[in-house]
Amino acid sequence: MTEKYELIREIGHGSRAKVYLVRNTNTDEMLAMKSYPYVGQESRRELQVLKEIKSQGIPFLFDCIKEDGSMNIFMEYIPGKNLRQILQTKHVFTEKEVLSIGKKVLHIIQLFHAHSPQWIYGDLKPENIMITEKGEVYLIDFGSVMIDGEKHMDVHGTKAYHCETAGAMLPFRDTYALGLIMYEMLTGCSYQQGMLNGKADVRQLSGECQAIMKKAVRLNPQEGYKDAMNMLHDFDLWEKNMAEGRVSYHSKKRNDVIGDTCRFLMHGFLKPASQGMLILLVIVGLLFMKYEGYRYFMKEARYEETVETVTIYNKQIGNHYRLDVDSVRLEKEEQNAEETVEKDIYGRSIMRRK
């Protein structure tokens, strides 16, 4: 770090680098500094992408400083939240919101796929999609970008958002990841979770939306979208049909309001509500068990007190019997004593000594 930049605070970190908010002391401008502890494949690729792609949706490169074997890249600071942070509070997006954000992401990804030689972004996930308060969309973290023909390069990325069966160098890797992100935005849970437990319901979605997601997440790249331009074409048709009110639903009486409301209740409200209900049931069960234990203890205490009182009384009048839990049982003081058994006015057995 030089005197030109003042470190403010850390604003993010990953497995390979940390990101800090810094201030340019000459211009008083706030920048983002990505600090790599080494100069390697990821840092060189990030710097290359920022140098060659200058477009909306890609942070602008300001400076790069290499020192002591590390690399600090200074770029445009994007104020806002990443999509993961928004998902944690919003839970479920409407189809219109997904359409708008998805198209903006595709326009950025298209810059990579149209590059010569062709680039693959390689690590598309909610954490790498920044959304400003004005609704602008940016991609960040370009250390996993791959270039066609570089077969020797290590393949990075997040496992949950790429297809194991697909070739690492195919643009399909990016469109597949966007399909998973759409699913997560529309249902409130990840695609893997939805497939495993069946909780992610997409029946409320329009046929156009379902068709795009299903094609995007095909395991065979030949059956999916070959690149961002191909997927963007279907997004444009979806947007056109939505604007003209011609989106199709497989069930009758489906519309955006009903569909979005049902999905919010199912995933944005019902999930935390069910968790709260489960906790409440556990608390009620524990209180009930404690209450039943207290009742049993008091019942035993009253019974013992009754037995003791009756036993003392009957010893005083020469009668020898005691109360028992199940029935009246005779209690003999001596096995060889001569006794007679009589019935009292209540029908209880009484031992009397001769």
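Colleague: How many of the 10 residues of helix 6 (207–216) are buried?

Modeller: This is a predicted model, in which local features need pLDDT of at least 70, side-chain atom pairs count only at pLDDT 80 or more, and totals for chains, interfaces and linings use all residues. Residues are numbered from 1 along each chain as its sequence is written, and side-chain values use heavy atoms, with hydrogens and water left out. Helices (H or I, at least four residues) and strands (E, at least two) are DSSP runs numbered from the N terminus, and a residue is buried under 20% relative accessible area, exposed over 50% and partly exposed in between (1.4 Å probe, protein chains only). Helix 6 is mostly covered, and the number of its residues that are buried is seven.

Colleague: Which helices are included in what covers the buried residues of helix 6?

Modeller: The residues concerned are Gly 207, Glu 208, Cys 209, Gln 210, Ile 212, Met 213 and Ala 216. A contact means heavy atoms within 4.5 Å. The cover over these buried residues includes helix 3 (95–113), helix 4 (172–187) and helix 7 (228–243).

Colleague: At what angle do helix 3 and helix 7 pack, and how are they therefore oriented?

Modeller: Axes are lines fitted to C-alpha atoms, for helices over the stretch in contact, and angles run from 0 to 180 degrees between N-to-C directions. The axes of helix 3 and helix 7 are 9 Å apart, and the angle is about 155°. Angles under 35 degrees count as roughly parallel, over 145 as roughly antiparallel, 65 to 115 as roughly perpendicular and the rest as oblique. The orientation of helix 3 to helix 7 is therefore roughly antiparallel.

Colleague: Is the crossing of helix 3 and helix 7 left-handed or right-handed?

Modeller: A crossing is left-handed if the near helix is turned anticlockwise from the far one by less than a right angle, and right-handed if clockwise. Among the residues that meet are Val 98, Leu 99 and Leu 106 in helix 3, and Met 231, Leu 232 and Trp 238 in helix 7. The crossing of the two helices is left-handed.

Colleague: Which residues does Lys 103 touch, not counting residues up to four places away in sequence?

Modeller: Lys 103 is found in helix 3. Its relative accessible area is 15%, so Lys 103 counts as buried. Beyond four places in sequence, Lys 103 touches Leu 232, Phe 235, Asp 236 and Glu 239.

Colleague: In the open sheet of five strands, what is the order?

Modeller: Two strands pair if DSSP finds at least two bridges between them. Strand 1 (residues 5–13) and strand 2 (residues 18–24) pair in the antiparallel sense over seven bridges, and these two strands form a hairpin with four residues between them. Strand 3 (residues 30–36) and strand 5 (residues 70–76) are antiparallel as well, joined by six bridges. The pairing of the sheet is antiparallel and the order is 1-2-3-5-4.

Colleague: Which strands does helix 1 (residues 41–52) touch?

Modeller: Helix 1 packs on this sheet, and its direction makes about 30° with that of strand 5. The strands it touches are strand 3, strand 4 and strand 5.

Colleague: Which strands are the edge strands in the open sheet of three strands?

Modeller: The order here is 6-8-9, with antiparallel pairing. Strand 6 and strand 8 (residues 129–131) pair over two bridges, and Asn 82 stands opposite Met 130 in strand 8. Each edge strand pairs on one side only, and these are strand 6 (81–82) and strand 9.

Colleague: Asp 68 has a positive phi although it is not a glycine; what is the value?

Modeller: Most residues other than glycine have a negative phi, and most peptide bonds are trans. Asp 68 is found in the loop between strand 4 and strand 5, and its relative accessibility is 82%, so it counts as exposed. The phi of Asp 68 is about 55°.

Colleague: Is Asp 141 buried or exposed?

Modeller: Asp 141 also has a positive phi, near 65°. It is found in the loop between strand 9 (137–139) and strand 10 (146–147). Because its relative accessible area is 18%, Asp 141 is buried.
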